[in-house]
Amino acid sequence: MKKWFFLPLLCAALLCGCVREPSAQERSAQVFAMDTMMDITVYADDAAAAESALSAAEAEIHRLDGLLSRHDEASAVAAVNASSGAPVAVDEEVLSLLETAVSYSAQTGDAFDITVAPIMDAWNFTGDAPRVPSREELDALLVHVGDERIVFGDGTVTLEPGMAVDLGGIAKGYASDRLAAVFEEQGIDSAMVSLGGNVYVRGAKPDGSPWRVAVEDPNDPGAYLGVLSLTDAYAITSGGYQRYFEQDGVVYYHIIDPKTGDVARSGLTSATVICTNGTMGDALSTALFVMGYDRAVEFWKTYETDFDMILMDEDGTVYLTEGLKDRFDPSAAEHDYEYVYLSKN
Ligand code: AMP
Ligand code: MG
């Protein structure tokens with residue numbers, strides 16, 4: 001018996017509970033894009049400014065979806081995936097995002113690799129009939145995985161026949177960075193967006209207090225591990241509970257170990273990155289999930305850019321980096337977990 005679940009990616013749901021300045025105008029929208037439900041809320045001094053920012057944000061999300069979705073035949077990424085050994089002309093934005101994605105692969109010891117696309121297709125997590133590919137099938141597909149083989153030319157990208165890229169692990173983080181730029185252009189100082197497991201909060205709440213961002217409990221989606229108090233930050237979560245199917249009592253989820261082609265069973269049930277760059281946070285949360293606790297902690301200690309993280313392991317321990325000590329409140333947790341703070345020394 002095969003069961004297929006698609007959870008609306010509620011991860012890190014926002015606990016708004018805002019006490020607003022009477023003058024601040026709030027406008028919100030829900031957008032379905034990039035295969036997930038997205039929530040956007042902006043505050044401005046007047047209604048027209050809030051509405052203008054909201055429609056600019058929505059337009060930007062749809063623009064990016066049309067550019068980056070590999071399942072949309074008209075997208076730039078679909079064109080790259082049709083390369084089959086011939087150079088494909090790509091605009092600067094997509095070229096630069098592909099190069100950025102490849103750089104995260106190098107930095108994470110290949111835990112993050114956008115060329116897992118053929119493997120994702122074999123599992124078919126997003127289709128009507130997800131399935132468990134055989135070892136032989138995965139081994140045959142692994143030949144096409146390895147983003148160091150993507151050839152970047154002057155305004156072109158070339159993929160070998162059989163290779164394809166999937167930006168699902170980084171596109172929402174990039175979108176949150178783009179929304180930050182849209183809000184900047186629109187003069188918006190206070191906003192929050194939740195793009196699936198990717199939360200971005202701009203400035204503080206209109207009353208000056210930090211945003212409260214709940215981190216979802218991977219063992220009980222809908223319940224929380226705790227609540228982060230954040231201003232001008234991204235909180236990005238990767239977890240097996242976000243998209244999965246079950247077959248013969250085994251749960252298979254959408255984060256893949258690029259070395260094996262198999263579901264990444266690293267001992268972690270979720271990895272959240274708290275940082276000031278959405279693209280980085282998205283790539284790293286996926287990578288940390290693949291790495292597992294030991295490699296993830298080593299990576300956090302040595303990575304060139306500071307970030308904070310929350311890792312939950314299968315034994316029910318929640319590990320948090322020291323920078324979150326004053327920014328994380330576990331009292332909203334519904335289950336009794338052990339919370340352990342990690343320091344760099
Ligand atoms: P995220 O929710 O950001 O962790 O991204 C998961 C999505 O990224 C999957 O649905 C795939 O589209 C893609 N993906 C899965 N495994 C990897 C990986 N190891 N590296 C890069 N992208 C991946
Ligand atoms: Mg990611």
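Start by selecting Trp300 and Lys344: the charged end of Lys344 sits over the Trp300 ring, 5.1 Å from its centre. That label requires NZ of Lys or CZ of Arg within 6 Å of the ring centre and within 35 degrees of the ring normal.

Some housekeeping before the next stop. This is a predicted model, where local features need pLDDT of at least 70 and side-chain atom pairs count only at pLDDT 80 or more, while totals for chains, interfaces and linings use all residues. Residues are numbered from 1 along each chain as its sequence is written, chains are lettered from A and ligands numbered from 1 in the order in which they are written, and side-chain values use heavy atoms, with hydrogens and water left out.

Now for rings. Phe, Tyr and Trp (its six-membered ring) pair if their centres lie within 6.5 Å; planes under 30 degrees apart are stacked, over 60 edge-to-face, and the rest tilted. The count here is 12 aromatic pairs. Pick Tyr293 and Tyr319: their centres are 4.4 Å apart and their planes at 45°, so this pair is tilted. Tyr293 is in helix H8 (residues 293–302) and Tyr319 in strand E17 (residues 317–321), 26 residues apart. Helices (H or I, at least four residues) and strands (E, at least two) are DSSP runs, numbered from the N terminus.

Colour by accessibility next. Buried means under 20% relative accessible area, exposed over 50%, and partly exposed in between (1.4 Å probe, protein chains only). Tyr293 is partly exposed at 27%, whereas Tyr319 is buried at 14%.

Move on to Phe328 and Tyr339, another tilted pair, at 5.9 Å centre to centre and 40° between the planes. Phe328 is buried at 7%; Tyr339 is partly exposed at 23%. For an aromatic cluster, select Trp123, Phe125, Phe245 and Tyr252 together.

Last stop: the magnesium ion (ligand 2). Which atoms coordinate it? They are Gly169 (O), Asp282 (O), Asp282 (OD) and Thr286 (OG1), at 2.0 to 2.4 Å. Donors are N, O and S atoms within 2.8 Å of the metal (3.2 Å for Na, K and Ca), and sites may look incomplete because water is not among the atoms. Along the sequence, the donor residues are spaced G-x112-D-x3-T. Show the cartoon and you'll find Asp282 and Thr286 in helix H7 (residues 278–291), four residues apart, about one turn of the helix. Both Asp282 and Thr286 are buried.
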